[in-house]
Amino acid sequence: MPIRGGKAYRQNYKVKDFIRQRDKDTCQICGCKVGDVCGRHYSPVAQMDVAHIVSWDHSPQSSTPANLQLQCNACNVLQRKG
């Protein structure tokens, strides 16, 4: 089985904190917060992700605050699936 590899992407913690404060710890897709039982996903929200609005394409411009938003983990996973 081949080993998957590639360049890992990690956001700066200062950028993450800025996005969380700007978006008021609320998912920008469904409007839930950590601990809420999300009406869209019918389960308690345990994690919020700082996610790209337009997919990350390995360029620095794609990771500016204008292209980042807070999403609950369920919305982030659904968005990535297409």
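**Exercise 1.** Determine whether aspartate 25 is buried, partly exposed or exposed in this predicted model.

*Solution.*
Step 1. The relative accessibility of aspartate 25 is 44%.
Step 2. A residue is buried under 20% and exposed over 50%, and it is partly exposed in between.
Step 3. Aspartate 25 therefore counts as partly exposed.
Step 4. To place the residue in the chain, note that aspartate 25 belongs to the loop between H1 and E1.
Step 5. Its backbone also deserves attention: phi of aspartate 25 is positive, near 50°, although the residue is not glycine.

**Exercise 2.** Describe the start of helix H1 and the residue lysine 24 that follows the helix.

*Solution.*
Step 1. Helix H1 covers residues 13-22.
Step 2. At its start, a side-chain oxygen of asparagine 12 comes to within 2.6 Å of the backbone nitrogen of lysine 14.
Step 3. Lysine 24 follows H1 and lies in the loop between H1 and strand E1 (37-38).
Step 4. Lysine 24 is not a glycine, yet its phi is positive, about 55°.
Step 5. The relative accessible area of lysine 24 is 61%, so this residue is exposed.

**Exercise 3.** State where glutamine 71 lies, and decide whether it is buried or exposed.

*Solution.*
Step 1. Glutamine 71 is part of strand E4, which spans residues 68-72.
Step 2. Its relative accessibility is 0%, and the limit for a buried residue is under 20%.
Step 3. Glutamine 71 is therefore buried.
Step 4. The side chain of glutamine 71 makes a polar contact of 2.6 Å with the side chain of glutamine 79.
Step 5. Leaving aside residues up to four places away in sequence, glutamine 71 touches several others, including Cys27, Gln47, His52 and Asn76.

**Exercise 4.** Identify which residues form the largest nonpolar core, and which strand gives the most to this core.

*Solution.*
Step 1. The chain contains two helices and four strands, in the order α-β-β-β-β-α along the sequence.
Step 2. Buried residues account for 29% of its 82 residues.
Step 3. In soluble globular proteins, nonpolar side chains tend to be buried together.
Step 4. The largest nonpolar core has 11 residues: Ile19, Cys27, Cys32, Cys38, Val45, Met48, Val50, Leu68, Leu70, Cys72 and Cys75.
Step 5. Strands E3 (48-52) and E4 each supply at least two residues of this core, and E4 gives the most, with three.
Step 6. Leucine 70 touches, among others, Ile19, Cys27, Met48 and Val50, not counting residues up to four places away in sequence.

Key
Residues numbered from 1 in each chain as written. Predicted model: local features only at pLDDT ≥ 70, side-chain atom pairs only at ≥ 80, totals over all residues. Heavy atoms only, no water. Polar contact = N/O pair within 3.5 Å; in protein donor to acceptor, adjacent residues only side chain to side chain. Buried < 20%, exposed > 50% of the residue type's maximum accessible area, 1.4 Å probe, protein only. Contact = heavy atoms within 4.5 Å. Core = buried A, V, L, I, M, F, W, Y, C linked by side-chain atoms within 4.5 Å.
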